[in-house]
Amino acid sequence: YKKCVVLPQSRGVDVEISDKTFRSVITEYGSYTYTFASSADAEVTNPEAAPLTIMVTEEEPLEIPVGYDVRYIEPGYHETGSLEFEEESMIYVMKAGLHEISSIRVPDDSTLFLERGAYLKCTDRQLESGGYDTNTAIHMEDGENTKVLGRGLLDMGECLGGDGKYRHVFNAKRVTAPLVRGLTIINANT
C-alpha cells in the first residue's frame, strides 16, 4: 500500500510508510481504524482493502474483594457445560490466550474477569440429538452483584445464531445491577 489514513481523522494520527511497515504514534485512548490505498495520491482509501482497527484502552487491574476466592481458567478448548460456574463470591479469571467456549455462566455475587490477551472464541456446538447448543455466550441469572470485566476479546463469528439467527452475547435474567465493562466484542449482531 502507498497510503494509509487513520480514522477518525479528527484525532490527527499521522502514519509513516516504509516498504511494508507502517508507523504511527497514538496518544489517547479510543478506537483507531487504519485504512489503505494502493496509490499515494488517492483521495479515498480502498474499501476492498481490509482495514485494521486498534482499540487503545486503559488497563483495568483485577481487584479481589475481601472474602472472595479466585479461580484461574487456563486457555484451551472448554467442553460444553464446563464453564457453567456455580460457586458464588468468586472471581473467575480467564487467562490470556485462546479459549474455545460455548457459554459461560456467572453466578450470583461473582465476577468473570478477562485478562488482557484473553480471546474467547464462542461456537455453537452440535449436540448428540443433531441440533446445536446455541446458548448465550455469557449469562447471569437470579442474583445480584454479577460482573463481567477486563480487557479480553469475545468473538461471536462462529456462532450459528440459534433459531432467531441472533448471536447473543449477554443475557442477564432477574439480575439486580449487572455490570459489563471493558470487553471488546466482535462479529456479534445483538
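Author: Buried means under 20% relative accessible area, exposed over 50%, and partly exposed in between, with a 1.4 Å probe and protein chains only. The model is predicted, so local features need pLDDT of at least 70 and side-chain atom pairs count only at pLDDT 80 or more, while totals for chains, interfaces and linings use all residues. Residues are numbered from 1 along each chain as its sequence is written, and side-chain values use heavy atoms, with hydrogens and water left out.

Reader: Are Phe 85 and Tyr 92 buried or exposed?

Author: The cut-off for burial is under 20% relative accessible area. Phe 85 and Tyr 92 are both buried.

Reader: How many aromatic pairs does the structure hold?

Author: Rings of Phe, Tyr and Trp (its six-membered ring) pair if their centres lie within 6.5 Å; planes under 30 degrees apart count as stacked, over 60 as edge-to-face and the rest as tilted. By that rule the structure's aromatic pairs number two.

Reader: What is the geometry of the pair formed by Phe 22 and Phe 36?

Author: Helices (H or I, at least four residues) and strands (E, at least two) are DSSP runs, numbered from the N terminus. Phe 22 lies in strand E3 (residues 21–24) and Phe 36 in strand E4 (residues 30–37), 14 residues apart, and their pair links distant parts of the chain. Phe 22 is partly exposed at 30% relative accessibility, whereas Phe 36 is buried at 8%. The ring centres are 5.3 Å apart with 70 degrees between the planes, and the pair is edge-to-face.

Reader: Which residue is the bridge partner of Thr 123 in E17?

Author: Thr 123 sits in strand E12, and four bridges join E12 (residues 118–123) to E17 (residues 153–158) in parallel. Thr 123 is buried, at a relative accessible area of 15%. Its contacts (heavy atoms within 4.5 Å), leaving aside residues up to four places away in sequence, are Ile 101, Ser 102, Glu 158 and Cys 159. The bridge partner in E17 is Glu 158.

Reader: In E19, which residue is the bridge partner of Val 148?

Author: Strand E16 (residues 147–150) pairs in parallel with E11 (residues 111–114) over four bridges, and there Val 148 stands opposite Leu 112. E16 also pairs in parallel with E19 (residues 179–180), over two bridges. In E19, the partner of Val 148 is Val 180.

Technical notes
Two strands pair if DSSP finds at least two bridges between them.
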